[in-house]
Amino acid sequence: MTKKSRSRFISKHQEVFQLGAAVLFLLLVGVYASLTGASAAGLSSSAVWLLIVAAAVGAYMAMNIGANDVANNMGPAVGSGAMTMGWAIAIAALFEALGAIVAGGDVVGTIKGGIIDADAITDPALFAWVMFSALLAGALWLNLATALGAPVSTTHSIIGAVMGAGIAAGGWGLVNWGTIGQIVISWVISPLAGGAMAAAFLYIIKRSVTYRSDMIDAASRVVPILIAVMVWAYTTYMLLKGLGQLVKVGFVVALVAGALLSVVVWALIRKPIAAMARRQDNSKSGVNRLFTWPLICSAALLSFAHGANDVANAIGPLAAIYEAVKEGAIATKAGTPMWIMVLGALGLAVGLALYGARLIKTVGKEITELDNMRAYAIAMSATLTVIAASQLGMPVSTTHISIGAVFGVGFLRELLKVNYAKMESVVRTGHQGADRDEVEAYLNRFEAAEVSEKKRMLADMKRRAKQRETAEGAVFAKKEQKAFKKAYKKEIVKRSVVMRIVAAWIVTVPATAVLAALLFYVVRAVLN
């Protein structure tokens, strides 16, 4: 058997195992639901079966959330090399489940963001069908997006599904179109804000550390500050979002608590980081190693916060169905029993373990090349943008922000590479007629120089180039410069992946809306 055939054989059997494990989990969920929630509710046989099937669909939705959304938290850390794929999946599965169970909240809003007017639906059975159709439509769309390697917003998926099923049940007037309009605007705002913030952080790191001639000395002073800023941001984020259901604190209190803890952390790590820095090479790889543990901790915290918040996209509609069939009433906020919380947590962990690697690879390795410094910039961008947007009342998507941050890092690298290529062209033009070794030595000094020194050297080269300009013109002709620029773009940011992801973002809400509407008609026809 050839290496290629062996790889295909292993891949095929791995897919069979994954599918078998997923189906077995959903069957066990059905048994679990029948022994816990369904039996405890004292329901009729038809209601019991509806709840069992709904529990399986809710677990299916949770699995797809775990498989798709985990890439936002773990993709940059894996892509940068801060942790292996295996460790990333293990850590994320643990913290996703802990976040869902510990901080998922006792009350989950079933109508996300006021998408439809629940008061317009008076029949509890009809309301249960709407939620069931929305849940299945959202899960199917996330499954397709994961298979295509496109990280999409799980919140937008369930929002579009609830909207579509609601329209099918009660007409267009049932939808709160103002909220839908805000979501459409967020498609643009989220990735742009995330990209701009990540690019800004990365540029600050470059100017303060990697553009210095003595990178290690600069890193020993700057990295503790950067880590302290990360502690401040993540403490604030966890108090407001990750632990929001357990600890109720205001925005200012969260900011102050984060600031105080960051000062303490800075005081504790300043000397150890400086000592660690002195043991590294005076290179970017040496600086990158200083960010490894902060990245691992940040990925774990983001997974916890994600489990606490986005588990609602799976168990919120399920809790509404449970309330409808148990009490015969419609609740816009449904108390969530512990058995449903556990189901959601297990679904997140199982989906992540079985299918999370694909999207982690897409985000971490397929869009642009990442290292620890770039992953740090992405993590900080996602956290700060979500905090700012939540305080401004903007309905942004964490997925869009995180992927936008990856785009921002890639496009900044592209811009800097192209600019450096232009500078190199000026240097070579200014050295026309010189020995090749002399040119290369000058380029090496230019690359290692401080920013201010680079400017001086570049100005000197421009003067020399102008003085030595001959009839042959510059070393690189315009066509060559254009081709050089295009080559860098192709190398640094993969346009095909970007377009695939953006297209998936745009169609998520309408696709899930149409799918949910169709499923609602099917469900109503079957059950009637």
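**Close-up 1. Glu366 and Arg500 pair in a salt bridge in this predicted model.** Glu366 has 24% relative accessibility, so it counts as partly exposed. Arg500 is also partly exposed, at 33%.

**Close-up 2. Arg221 and Asp217 form a salt bridge within helix α8.** Their closest N and O atoms are 3.4 Å apart. Both residues belong to α8 (residues 215-242). They are 4 residues apart, about one turn of the helix. Asp217 is partly exposed, with 39% relative accessibility.

**Close-up 3. Arg374 forms a salt bridge with Asp371.** Here the closest N and O atoms lie 3.5 Å apart. Both residues are buried. A search of the whole structure finds 3 salt bridges.

**Close-up 4. Helix α3 packs against helix α11.** Helix α3 covers residues 45-80, and helix α11 covers residues 292-310. Their axes are 10 Å apart, at an angle of about 170 degrees. Angles over 145 degrees count as roughly antiparallel, so α3 and α11 are roughly antiparallel to each other. The crossing of α3 and α11 is right-handed.

**Close-up 5. Residues of α3 meet residues of α11.** From α3 come Ile65, Asp69, Asn73, Met74, Ala77 and Ser80. From α11 come Leu295, Ala299, Ala300, Leu302, Ser303, His306 and Asp310. By class, this contact has 7 nonpolar, 4 polar and 2 charged residues.

How values were computed
Residues are numbered from 1 along each chain as its sequence is written. This is a predicted model: local features need pLDDT of at least 70, side-chain atom pairs count only at pLDDT 80 or more; totals for chains, interfaces and linings use all residues. Side-chain values use heavy atoms; hydrogens and water are left out. Axes are lines fitted to C-alpha atoms, for helices over the stretch in contact, and angles run from 0 to 180 degrees between N-to-C directions. Helices (H or I, at least four residues) and strands (E, at least two) are DSSP runs, numbered from the N terminus. Angles under 35 degrees count as roughly parallel, over 145 as roughly antiparallel, 65 to 115 as roughly perpendicular and the rest as oblique. A crossing is left-handed if the near helix is turned anticlockwise from the far one by less than a right angle, and right-handed if clockwise. Contact means heavy atoms within 4.5 Å. Ala, Val, Leu, Ile, Met, Phe, Trp, Tyr, Cys and Pro count as nonpolar, Asp, Glu, Lys and Arg as charged, and the others, Gly among them, as polar. A salt bridge is a side-chain nitrogen of Lys or Arg within 4 Å of a carboxyl oxygen of Asp or Glu. Buried means under 20% relative accessible area, exposed over 50%, partly exposed in between (1.4 Å probe, protein chains only).
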